[in-house]
Amino acid sequence: MIRVILPAHLRMLARVEGEVHVTVDGPVTRGAVLDSLESTFPVLRGTIRDHVTQRRRPMVRFFACEEDLSNEAPDAPLPESVATGAEPLLVVGAMAGG
Amino acid sequence: MTGIRVLVGTRKGAFVLTSDGARVQWEVSGPHFAGWEIYHVKGSPVDPNRLYASQSSAWFGQVMQRSNDGGKSWEPVGNAFAYDGVPGTHLWYDGTQHPWEFKRVWHLEPSLTDPDTVYAGVEDAALFRSSDGGQTWHELSGLRCHTSGPRWQPGAGGMCLHTILLDPSDPKRIFIAISAAGAFRTDDAGKTWRPVNRGLKSVGIPDPNAEVGHCVHRIAMHPARPNVLFMQKHWDVMRSDDAGDSWQEVSGNLPTDFGFPIGVHAHEPDTIYVVPITSDSQHYPLEGKLRVYRSRTGGNEWEALTKGLPQKDCYVNVLRDAMAVDTLDSCGVYFGTTGGQVYASADAGDSWAPIVRDLPAVLSVEVQTLA
């Protein structure tokens, strides 16, 4: 089980409270986690990564284990503690604007 | 019993304001989609319970919402807006070519005949259509692929397609407007388009006959007379009597002819409304007085409508999609401001009262007259 913490706007959109849990078959990468997340919550498609390019939206960041993983390759393995569910993957809206 | 439903899009959510035909007592529901920018909410003319809403965020992109019960509940529908083929490039602020990039939906225009068909005007400028209630969207790419496309350039607010007018007398005719490319018309249901900007004169464009490059802010039409169009341009209020083939200025005695919205009375095709704004560098009313101007002669002769509107220390703006009319016998006129007020007039503009005063900045106002 992989734990994902979504920002408030996306929790509202997905109609969830607190963290969400997803499962991944195979290597636990950011791309695989987002694939699983979007499969469970189709409304999130296009909100974290671009529909067409699948790139991270510019003002969305990924953190885990106190590390900024935003610029890691989508197919790079996530930290072991995320893969085991000990730590969550945080999807964060960049601090900007009012 | 007759009722009115006002659909308000704001910087921080959508609001639904309802009243009976007297339009005195109002109920306010919302915010719907709290915290998100709602550029536009509009209902189907053939099924008033079917609403569409454009929800967006600089962080999380575009979401489309649909309601089947007049805005009591909503469901997200499709948000994939993919340009047809290789998008190509358009003119950028610095004169270079810049790739077309989807940013958001500015305007939604439900079909006049089918509640599941709806058009979306987007930034970077393109026109999309859904025929399955918003689940999937397909670009009418004949517009963006017009030969002038590489010369289209964004205005200060982005390169947005903000106006879509469906001709009730000819299902194949659609008018659209883009800042800052200008107005376009199709006569074959969107396959091919042509600019309809002859007669527009814009400061900063050296060619007085420029085919594109005009910052059209809004176009309005009366459904009984679809060949007559009224336009609020960046500067200038314009009129066309030949479906956009030519335009004449009708700013007349307006104190300033800069502005964003323009509207037409529901029962008097020559009665039109604008909200003059000081200038392109001062986006607030002249002298701090919020005044709607009405012409009963299709332009040129204008009267200030001030009763019930603040006549001192008012420095709000009224954006291009933030004015609408109802179709009751005594035509109601509504507009929203960047200060969060939504004003209503139940007597065609003679007097005004705020429905709400403290919403987030209002981006759009639409009105439904309910049987």
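# Report on a two-chain predicted model

A:Gln54 sits in the loop that links helix 2 to strand 3 of chain A. The structure is a predicted model. Although A:Gln54 is not a glycine, its phi is positive, at about 65°. A:Gln54 has 12 other C-beta atoms within 10 Å, and a residue with 12 or fewer is exposed, so A:Gln54 counts as exposed.

B:Asp313 is not a glycine, yet has a positive phi of about 55°. This residue belongs to the loop between strand 25 and strand 26 (323-325) of chain B. B:Asp313 counts as exposed because it has 8 C-beta neighbours inside 10 Å.

**Helix 2 of chain A**

Helix 2 of chain A covers residues 30-40, and its residues A:Arg30, A:Ala32, A:Val33, A:Leu34 and A:Leu37 are buried. Against what do the buried residues of this helix pack? Their partners are strand 1 (2-5), strand 2 (20-22), strand 3 (60-64) and strand 5 (89-93) of chain A. An α-helix has 3.6 residues a turn, so residues three or four places apart point the same way.

**Contact between the chains**

Chain A brings 14 residues to the contact, and chain B brings 13 residues. On the side of chain B that touches chain A, strand 6 (residues 61-67) of chain B gives the most, with three residues. That side of chain B has eight nonpolar residues, five polar residues and no charged residues.

**The nonpolar core**

The largest nonpolar core has 130 residues. Those with the most contacts inside this core are B:Val6, B:Val8, B:Ile176, B:Ile219, B:Tyr334, B:Val342 and B:Val365. Strand 15 (residues 174-179) of chain B supplies the largest share of the core, five residues. In soluble globular proteins, nonpolar side chains tend to be buried together.

What does B:Tyr334 touch, leaving out residues up to four places away in sequence? Its contacts are B:Val6, B:Met323, B:Ala324, B:Val342, B:Tyr343, B:Ala344, B:Val365 and B:Val367.

**A buried lysine**

B:Lys233 is part of strand 19 (residues 229-233) of chain B. Is B:Lys233 buried or exposed? With 28 other C-beta atoms within 10 Å, and 20 or more being the cut-off, B:Lys233 is buried. Apart from neighbours within four places in sequence, B:Lys233 is in contact with B:Leu200, B:His214, B:Cys215, B:Val216, B:His217 and B:Met238. B:Lys233 and B:Gly259 are 26 residues apart in sequence, and their C-alpha atoms are 7.3 Å apart in space.

**An open sheet in chain B**

Four strands of chain B form an open sheet with antiparallel pairing, in the order 22-23-24-25. The edges are strand 22 (262-264) and strand 25 (303-305) of chain B; each has a single partner strand, so one side of each is left without a neighbour in the sheet. On average, neighbouring strands of this sheet are turned by 30° against each other, direction ignored. Strand 24 (residues 292-295) of chain B pairs with strand 25 of chain B over three bridges, in the antiparallel sense. B:Tyr293 has B:Ala304, in strand 25 of chain B, as its bridge partner.

| Residues joined | Peptide bond | Omega |
|---|---|---|
| B:Gly30 and B:Pro31 | cis | about 5° |
| B:Glu123 and B:Asp124 | cis | near -5° |

B:Pro31 is found in strand 3 (residues 27-32) of chain B. B:Asp124 is found in the loop between strand 11 (118-123) and strand 12 (126-130) of chain B.

Methods: Residues numbered from 1 in each chain as written. Chains lettered and ligands numbered in written order. Predicted model: local features only at pLDDT ≥ 70, side-chain atom pairs only at ≥ 80, totals over all residues. Contact = placed C-beta atoms within 7 Å. Helix = DSSP H or I, 4+ residues; strand = E, 2+ residues; numbered from the N terminus. Nonpolar A, V, L, I, M, F, W, Y, C, P; charged D, E, K, R; others polar. Core = buried A, V, L, I, M, F, W, Y, C linked by C-beta atoms within 7 Å. Pairing = 2+ DSSP bridges. Axes fitted to C-alpha atoms, helices over the stretch in contact; angles between N-to-C directions.
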